[in-house]
Amino acid sequence: METAYGQDMWKEVVAAFEASHEGVTVELTIDKKLEDIITPDMKSGVYPDVILRAVGSEQALTETFIRDNNLVDLSDVVSMTIPGESVTVGDKVLPGFLDNTIVNPYGDGKTYLMPMFYGPCGLFFNQGLFDEKGWSVPTTWDEMWELGETAKAEGIALFTYPTAGYFDAFLYSLLHQTMGQEMFAKALRYEEGIWDTPEAQQAFEIIEKLASYTESTTPANANDNDFRKNQQLVLDNKALFMPNGNWVIGEMAEAPREEGFAWGFTALPAVTEGGERASYSFFEQIWMPAGAENQDLGKEFIAYLYSDEAAAIFAEKGNAVQPIKGMVEKLSGDNQTYYAIYDTGAVAVLDAFAATEPVEGITIRGTFMDPVNSLVTGDKTMEDWLSQIKTDSDALRAALK
């Protein structure tokens, strides 16, 4: 999938892999609409050997392969020695990235998706505007609401979001803050009654209130074609905060902005004074469809992506950071600020809702993220949304693998 990281880094990594593997040719397909390119061939039974596509897309390609049990077990990649090095992939990957419900969607202790480029997700804002106005970045939600009123008086909305899909990172972080790790884990598996708890109610009450402070044009542009218009609201000082990952810097690199603009980044405000502040770490996933023909060589290629050589190319050519030890120390400037967020007190959240057998008419995004648009427009109330979540959770719980 071509993202804000661009194509050049992949071309160089592929060339480096070919150079170290005599006689091997990598046929690289990279496109912003990857699904449109590869799906027709897959319907004919011709599968790529390796696919880089993260969970959470509108097309839900990765989730479809998960639900249909069409993934190759990549546990042997974790124990594989990285080509050209003396350490294994598992030795090098950061803690937590190989022990979560995303890479191990079936809860069977096996790894089916390998973690790739990661970025702390939180709230991005214009630090220059805050400096100009003398505003402090809120550390609690009460402070956030106070700032919302201050900004409203100056014609600035408190909040916007690129698409409702960006509420995955936001919701996971917020639920972790209100619930704590143990209850959060139960929520991810749709435990009966979990959405009736005060901790769950608190999270959705915060989102409901935040919806009332959201810039009114946001839902109309909250789609894969127009999402940059919502991100532009922050650059134009029409909205203060938006949930995002560090890739937004590259996406908006050429966009116009207000004089004095400077990217700012913060974890979610705490629910109570001195309480937990969380930052979800979004990471992409690379995986192998069960129909892949060149599985052994494909696994070696995946292992190579965790080498120092490949990681250096990703970082230099695409500003993409692999979740391996020693990378943060090699970063500079803004990147060190973003990737050091976990060193300054924020709790890293990595998990996601558990995979289930297919349930007709229900997707994680459709249940837990997309209704935010209707919340902002007023077409749906928090009670409507929670009612849908409870009904869908019952069906998802029954379909757990």
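A residue is called buried here when its relative accessible area is under 20%, exposed when over 50%, and partly exposed in between (1.4 Å probe, protein chains only). The model is predicted: local features need pLDDT of at least 70, side-chain atom pairs count only at pLDDT 80 or more, and totals for chains, interfaces and linings use all residues. Residues are numbered from 1 along each chain as its sequence is written, and side-chain values use heavy atoms, without hydrogens and water.

Begin with the whole protein displayed as a cartoon. Of its 401 residues, 54% count as buried. The protein has 19 helices and eight strands, where helices (H or I, at least four residues) and strands (E, at least two) are DSSP runs numbered from the N terminus. Along the principal axes, the C-alpha atoms fill a box of roughly 65 × 50 × 40 Å.

Now colour the contacts (heavy atoms within 4.5 Å). Among those with a separation of 6 or more, 73% come from residues 24 or more positions apart.

Next, select strand E3, residues 122-126. Five of its five residues are buried. Two strands pair if DSSP finds at least two bridges between them.

Select Phe-124, whose bridge partner in E5 is Met-242.

Select Phe-125, whose bridge partner in E6 is Gly-264. In a regular strand, side chains alternate between the two faces of the sheet.
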